[in-house]
Amino acid sequence: MTGADFAFIAQFLKDRSGLIITQDKMYLLETRLTSILRDNNLSSLTALVELLRQPGATKVKDQVVDAMTTNETSFFRDNHPFEALRKSVIPGLIERRAATRNLRIWSAACSTGQEPYSLAMMLKDNFPVLGGWKVEIVATDLSPSVLDRAREGIYSTFEVQRGLPIQMLVRHFDQQEPNWQIKRELRQTITFRALNLLEDFSVLGQFDVVLCRNVLIYFDQPTKTRILGAIARRIVPDGFLLLGGAESVFGLSDAFAGLTELKGVYGHAKQVKAAPTLRPPLPLTAAS
Ligand SMILES: C[S@@+](CC[C@H](N)C(=O)[O-])C[C@H]1O[C@@H](n2cnc3c(N)ncnc32)[C@H](O)[C@@H]1O
């Protein structure tokens, strides 16, 4: 691959998805794009670059972004964010939303669906009271192919063995030799849709909880800052943001502050300063 081809594809990926790809990842680029060359009858990466320069060519452009994004995920990934939700965040919200009985949660880079399904299982198993509430789980991702998989909710034995307690497997999945499928009623509790975090997402409305986990790590600093700012506007005043284990708002956003007792859980900075712990529950009215 020539330096010019690499530079073009790197800029293309940054513009389209936010993904930063450095020279030392050239081998990765070459390996991952090989099947796209075959699929599109292209003889070389230079020919692919020529195609990417054309207006249109949507399919191949999507394929390139898809091939380069990392979709690694698992059920109850890292566990502690789900424990924080189960033990503190959700009970507090149930108390504060008792009048409206409305809860909105967004999984902002949901990959193949394990994150939103983990949430849905955790809510169903621990909070029967929510049966009488309007609970919306919106799950979005840039990649149409991972969203197709997420909607199907079909996972291999290997995937269900990563992080999923056996009792949950039995309760929430149907066996579909050799795989497992999330039961229809649970699949129906989640709305999956394509969404690029680089674009305006105000159309989604506001949420009580946003999980934006293990995606900001792939972006540069200005992009992280911009996305965190836009997410802050999507979270209600007493709502929460959960980031991945290697991510933080530090040096990126003044909008959020971490909750003292819950690692990786953030609230609006003004709200957290006023009530830095979850007990007693955060006040309903926002600090302006
Ligand atoms: C590593 S996965 C994280 C999945 C899950 N949140 C977790 O923590 O296990 C990152 C996901 O971010 C998605 N992604 C990458 N760039 C994106 C963008 N600009 N907008 C929305 N999603 C994006 C990828 O398609 C991928 O599925």
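User: What makes a set of grid points a pocket in this predicted model?

Analyst: A pocket is an open set of points with protein on both sides within 12 Å along at least five of seven lines. In this predicted model, the largest pocket has a volume of about 420 Å³.

User: Why are Thr70, Ala109, Asp141, Asn214 and Val215 counted among the lining of the largest pocket?

Analyst: Lining residues have an atom within 4 Å of a point. The largest pocket has 27 lining residues, and the five named here lie nearest its centre; each therefore has an atom within that cut-off.

User: How is the lining of the largest pocket divided by class?

Analyst: The division is 12 nonpolar, 10 polar and 5 charged residues. Because Asp counts as charged and Ala and Val as nonpolar, Asp141 belongs to the charged class, whereas Ala109 and Val215 belong to the nonpolar class.

User: What is the volume of the second largest pocket, and which elements supply its lining?

Analyst: The volume is about 270 Å³. Helix H6 (114–126), strand E2 (134–141) and helix H10 (184–187) each supply at least two residues, and H6 gives the largest share, with 3 residues. In total, 13 residues line this pocket, including Leu123, Lys124 and Thr189; by class they are 9 nonpolar, 2 polar and 2 charged.

User: How do you know which parts of the model call for caution?

Analyst: The mean pLDDT of the protein chain is 93, and 95% of its residues reach 70 or more. Over residues 283–288, however, the pLDDT is below 50, although this stretch has 13 contacts beyond near neighbours in sequence. Where pLDDT is low, predicted coordinates should not be read in detail.

Technical notes
Residues are numbered from 1 along each chain as its sequence is written. This is a predicted model: local features need pLDDT of at least 70, side-chain atom pairs count only at pLDDT 80 or more; totals for chains, interfaces and linings use all residues. Side-chain values use heavy atoms; hydrogens and water are left out. pLDDT is the predictor's confidence in each residue, from 0 to 100. Contact means heavy atoms within 4.5 Å. On a 1 Å grid over the protein atoms alone, a cavity is a set of points where a 1.4 Å probe fits but cannot get out, and a pocket is an open set with protein on both sides within 12 Å along at least five of seven lines; lining residues have an atom within 4 Å of a point. Grid points are joined across faces, edges and corners, and a volume is the space filled by probe spheres set on the points. Helices (H or I, at least four residues) and strands (E, at least two) are DSSP runs, numbered from the N terminus.
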